[in-house]
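Subject: Structure for you to look at

Hello,

Here is the structure I promised. Please open it first; my notes follow below.

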2 protein chains.
Amino acid sequence: MRELFQTELDALREQLGDMCAQAAEAMRAATRAVLTADGELAARVVAADAELDVARDRCDDTAQRLLALQAPVAGDLRLVLTAVHCSDKIERMGDLAAHIADTARIRQPERVVPAELTDAFTALGTITAAMADRLVELIRDPGKGGFAELNETDQDVDARHVGVLETITREDWPHGIPSATSLALLVRYYERFADQAVSVAKRLDFVVTGVMAA
Amino acid sequence: MRELFQTELDALREQLGDMCAQAAEAMRAATRAVLTADGELAARVVAADAELDVARDRCDDTAQRLLALQAPVAGDLRLVLTAVHCSDKIERMGDLAAHIADTARIRQPERVVPAELTDAFTALGTITAAMADRLVELIRDPGKGGFAELNETDQDVDARHVGVLETITREDWPHGIPSATSLALLVRYYERFADQAVSVAKRLDFVVTGVMAA
């Protein structure tokens with residue numbers, strides 16, 4: 001019984017890790033699509049998002065079955081509840097990557113990101129996808145400290161987010177209002193992706209420590 | 001034992017309902033603050049959001065205790081898991097209302113919403129707060145059908161969201177780029193609030209039916 005339970009817990013962990021890896025890949029592809037105005041790649045990212053929805057539901061089913069059949073307690077219960085919380089957040093990370101791709105898809109062949117902001121969005125894409133990569137590691141090999149680490153990265157993302165907002169609202173912004181509003185929403189998708197990643201890391205710490213960070 | 005369990009389940013339901021009522025009130029106050037450039041009211045809404053964070057944590061604690069001590073199954077387990085999912089979403093509704101208020105707080109004494117969009121934002125505030133009110137009823141007296149109903153309201157919110165985006169990106173928009181980008185983000189907070197409400201309604205239907213809507 002206990003052995004079967006451990007197998008199911010491992011499966012749950014594996015499912016969550018796979019979801020994060022998928023969110024990381026979606027973010028990387030979405031950023032590439034938005035920077036190169038690649039409508040086909042963008043459409044593939046948008047279509048692939050449905051898989052993350054299915055993965056989330058499967059995660060929920062596994063968690064529900066574990067709770068119903070095994071009635072876990074203490075650390076095991078924390079892991080199952082964490083999976084319930086995190087699957088929602090990771091699915092949302094996928095949505096945000098899909099929103100980024102969708103911006104590229106709708107606006108192609110036009111480029112959404114003008115030359116002076118290419119570096120900023122390249123960095124945002126790289127950093128946020130790396131946050132999702134780090135979550136994969138933290139899920140597979142949990143150790144204390146992921147929250148503090150990702151929280152620090154998130155502050156970098158926030159600063160870059162503010163930098164983009166400052167650029168697009170400058171008096172001499174030459175690309176017009178539709179461009180500025182698109183970019184304001186686009187950069188927010190990156191910022192929210194990072195927020196969700198931090199929130200997953202916080203829950204993962206909780207599995208290990210039993211204490212939720214403030 | 002069973003009686004104690006029922007009392008705890010009722011408490012969980014009560015906590016969720018209170019959270020929704022609080023989110024509705026926050027949305028109403030935030031909209032008032034943003035439409036009247038009332039910085040003091042806005043600051044109160046932002047400060048009050050911490051209470052929803054605490055309420056979410058308390059909800060999680062109750063759910064965890066129920067799972068650990070009572071090992072519920074079937075409909076009871078669905079209710080507890082729904083509470084775990086929904087407390088996150090309702091807490092997020094509070095965050096979004098706080099973001100709206102914060103926009104008013106940062107920009108006061110200036111009005112963020114120009115005269116030609118007052119009606120649009122008044123309607124968005126009224127409709128989305130009413131969605132949260134409806135969730136309070138659905139939580140306290142669950143019956144099938146809340147998801148379909150709120151999903152329909154959400155389509156109205158989406159249409160109004162698109163309407164605002166069209167207005168602020170018109171060639172002859174007279175209020176400049178910072179105003180347009182603020183409004184693009186502001187209107188998105190309403191749209192996301194409505195999305196979260198739909199998502200809560202979907203989970204509540206699941207408690208009753210055992211089937212998750214597509």
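Start at Ala71(A), which sits in the loop between helix 2 (39-70) and helix 3 of chain A. Its phi is positive, about 45°, although the residue is not a glycine. Ala71(A) is partly exposed, with a relative accessible area of 32%. Bear in mind that this is a predicted model.

Ala74(A) is in helix 3 of chain A. Its phi is also positive, near 50°. Ala74(A) is partly exposed, at 49% relative accessible area. Most residues other than glycine have a negative phi, and most peptide bonds are trans.

A cis peptide bond joins Gln108(A) and Pro109(A), with omega about 10°. Pro109(A) lies in the loop between helix 3 (74-107) and helix 4 of chain A. In chain B, Gln108(B) and Pro109(B) are likewise joined by a cis bond, omega about 10°.

Now the packing. Helix 1 (residues 2-36) and helix 4 (residues 118-140) of chain A meet at about 170°, with axes 8 Å apart. Angles over 145 degrees count as roughly antiparallel, so helix 1 of chain A is roughly antiparallel to helix 4 of chain A. Their contact includes Leu35(A) from helix 1 and Phe121(A) from helix 4. By class, it has twelve nonpolar, six polar and six charged residues.

The largest nonpolar core has 150 residues. Phe121(A) and Phe121(B) are among those with the most contacts inside it. Phe121(B) touches Leu35(B), Val164(B) and Tyr190(B), among others.

Last, the record: UniProt (unreviewed entry) places a PhoU domain at residues 18-103 and 124-203 of chain A. Residues 18-103 are 94% helix and 0% strand.

Best wishes

Note on methods
Residues are numbered from 1 along each chain as its sequence is written. Chains are lettered from A and ligands numbered from 1 in the order in which they are written. This is a predicted model: local features need pLDDT of at least 70, side-chain atom pairs count only at pLDDT 80 or more; totals for chains, interfaces and linings use all residues. Side-chain values use heavy atoms; hydrogens and water are left out. UniProt positions are given in the numbering used here, feature names are shortened, and annotations may be inferred rather than shown by experiment. Helices (H or I, at least four residues) and strands (E, at least two) are DSSP runs, numbered from the N terminus. A nonpolar core is a set of buried Ala, Val, Leu, Ile, Met, Phe, Trp, Tyr and Cys residues joined through side-chain atoms within 4.5 Å. Buried means under 20% relative accessible area, exposed over 50%, partly exposed in between (1.4 Å probe, protein chains only). Contact means heavy atoms within 4.5 Å. Axes are lines fitted to C-alpha atoms, for helices over the stretch in contact, and angles run from 0 to 180 degrees between N-to-C directions. Angles under 35 degrees count as roughly parallel, over 145 as roughly antiparallel, 65 to 115 as roughly perpendicular and the rest as oblique. Ala, Val, Leu, Ile, Met, Phe, Trp, Tyr, Cys and Pro count as nonpolar, Asp, Glu, Lys and Arg as charged, and the others, Gly among them, as polar. Lists of a residue's contacts leave out its neighbours within four places in sequence.
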